[in-house]
Amino acid sequence: MENISIYFYFLTGSLVLILGFIIGWFVSKKIAKSHMKHTQKLAETIIAEAQREAETRKKASILEAKDEWYQAKLKFEKDTAETRGELRSVERRIEEKEENINRKVNYLEKREQELIENRKVLENKLDNLNLKKEEITKVLHLQNEKLEKIAGLSSEEAKKLLIANLEGEAKLQAARKIKEIKDEAERNATKAAREIITLAIERCAADHVVESTVSVVDLPNDEMKGRIIGREGRNIRAFETATGIDVIIDDTPEAVILSGFDPIRREVARIALSKLVKDGRIHPGRIEELVEKTKKELMEEIREIGEQTYLELNMHGLHPEMVKLLGRLKYRTSYGQNVLQHSKEVAFVASLLASELGLDPVIAKRAGLLHDIGKAVDHEIEGPHAEIGADLAKRYGEAEIVINAIASHHEDVEATSLMAHVISAADSISGARPGARRETLENYIRRLEKLERIADGFDGVEKSYAIQAGREIRILVSYKKIDDAQSIQLASDISRRIEDEMEYPGQIKVVVIRETRSIDFAK
């Protein structure tokens, strides 16, 4: 009985366990199914939202594309309208030009017809003149025969006798004139030379001070001037000590003036001060640091400029120190003319002249480029720049012909070769050409007016015109007062008057124009 009870309990527990397992399985299955349905519903919701968002973006993209298309269409229509307007304007101009051309063609045809008629009239008059000329020739022949009978000499003998008398008289007058000119030249040579040298020195000094010793640095405002001066002037003193350049701070608005004769130092000062103003940190330590850095940068730039210059002229074998000196010439001016550009121009001109004369153009180009090399250091070494340049060329191994060309291009020493004369001529051409050297508009106009005033002061001159930037003056004279022989003398007199009363580079061409006009009318 006790065994039956244990069996019953065991069977009951097993059934309960099996029943619990079955119930748990069904419950978990139901929960999983419910969870799956929820997940599926959530996925469907996300997909629907994604589809709605995609549809929204699609509509926005379509609207944006339509807007871009509409804007492009408006722009195209605007450009098309402008193009059509321009085409219509061009068509109108073409039509106007066609009308002008037609009018000109009609005018030319009319003028051609008038010329043909005038030519016929002139031919008739020429025939009449030929007939009269023949009649005059016959009359002169009869008169000559009568004169020969009266004088007892033939016409040839009379001509020879007259020519011999005139030749002797002309030689005597020429000898007297030559002696007078020579005596006058000897009397005035010293005085004229002194005047020319004095005027040259005055012009050189004026141009030098104005154009070669001053640089201007722009400031953002006038308050910067106080920062440049510094407390009790310590900044400006430190800057002048570091650069060797005078800083002038006056009433000039938003600007500081740098003054000094050394162009390299002045350029260093200009660049350094511009950097200080831009940086804003202005104190003695920063000034010394920035000036030293600027010097190194400028020296490197000078070397690159020199290398670029002699490579541009296809030269080789130039000493590195000469290359640096060439670069320094970029910051040197003479009469407002940049010395480096002037030297390159002289090199090209000298090369062309040497080629025409059968000389070596390579040597001519080298001597032309180096002829003013002394100007790179003439603020540091005493003496004429030609002498300084010759010494530098000799020190750095240049050929003797180049050294002599440099030394003699201003006739300080005697030229020993034709090449030296070529360099001197090229130097004069470069310095005297129109526009090479700067002059103020006032001086330029004054020179043209004086040139015309000198010409108008001669008797028989109707009108004069100074042209070619004052390099030529054309003078119209009255044919009634001045004949052909007198026009030659007038040109000479005006040239001498210009030489006596004016100072100018190069030469001025004097052209005297005399013409006779015959006017008649065909009715």
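**Figure 1. Asn 314 in the loop between α6 and α7 of a predicted model.** Asn 314 belongs to the loop that runs between helix α6 (284-312) and helix α7 (320-328). Its phi angle is positive, about 60°, although Asn 314 is not a glycine. With a relative accessible area of 68%, Asn 314 is exposed, because exposed means over 50%.

**Figure 2. Glu 232 in the loop between α3 and α4.** Glu 232 is located between helix α3 (223-229) and helix α4 (234-243). Glu 232 is not a glycine, yet its phi is positive, at about 55°. The relative accessible area of Glu 232 is 71%, so this residue counts as exposed.

**Figure 3. Thr 294 in helix α6.** Thr 294 is part of helix α6. Its relative accessibility is 1%, and buried means under 20%, so Thr 294 counts as buried. The side chain of Thr 294 reaches the backbone oxygen of Leu 290, at 2.7 Å.

**Figure 4. His 409 in the loop between α11 and α12.** The loop that holds His 409 lies between α11 (400-408) and α12 (418-432). Is His 409 buried or exposed? His 409 is buried, with a relative accessible area of 2%. A polar atom of the His 409 side chain lies 2.6 Å from the backbone oxygen of Ile 406.

**Figure 5. The largest nonpolar core and a second, separate core.** The largest nonpolar core has 64 residues. Which of them touch the most other members? They are Ile 228, Phe 239, Leu 258, Leu 273, Leu 326 and Leu 370. Helix α5 (residues 263-279) gives the most to this core, with eight residues. The second core is separate and has 19 residues, including Val 461, Ile 494, Ile 498 and Ile 508.

**Figure 6. Helix α14 and its buried face.** Helix α14 covers residues 484-501, which is 18 residues. From its first C-alpha to its last, α14 reaches 26 Å, close to the 26 Å expected at 1.5 Å a residue. Ser 487, Leu 490, Ala 491, Ile 494 and Ile 498 are buried in this helix. Why do the buried residues of α14 line one face of the helix? Seen down the axis, they fall within an arc of 105°, so they line one face. Exposed residues Ala 485, Ile 488, Glu 499 and Asp 500 are on the face turned away from the buried side.

**Figure 7. The start of helix α14.** Here a side-chain oxygen of Asp 483 comes to within 2.7 Å of a backbone nitrogen. That nitrogen belongs to Gln 486.

**Figure 8. Val 510 in strand β8.** Strand β8 spans residues 509-513, and Val 510 is found in it. The relative accessible area of Val 510 is 17%, so Val 510 is buried. Val 510 and Ile 475 are 35 residues apart along the chain, and their C-alpha atoms are separated by 7.7 Å.

**Figure 9. Lys 463 over the ring of Tyr 465.** Lys 463 lies over the face of Tyr 465. The distance to the ring centre is 6.0 Å. How many aromatic pairs are counted? The count of aromatic pairs comes to zero, with ring centres required to lie within 6.5 Å for a pair.

Definitions and conventions. Residues numbered from 1 in each chain as written. Predicted model: local features only at pLDDT ≥ 70, side-chain atom pairs only at ≥ 80, totals over all residues. Heavy atoms only, no water. Helix = DSSP H or I, 4+ residues; strand = E, 2+ residues; numbered from the N terminus. Expected span 1.5 Å × (residues − 1). Buried < 20%, exposed > 50% of the residue type's maximum accessible area, 1.4 Å probe, protein only. Arc of directions from axis to C-beta. Polar contact = N/O pair within 3.5 Å; in protein donor to acceptor, adjacent residues only side chain to side chain. Phe/Tyr/Trp six-rings, centres within 6.5 Å; stacked < 30°, edge-to-face > 60°. Lys NZ or Arg CZ within 6 Å of the ring centre and 35° of its normal. Core = buried A, V, L, I, M, F, W, Y, C linked by side-chain atoms within 4.5 Å.
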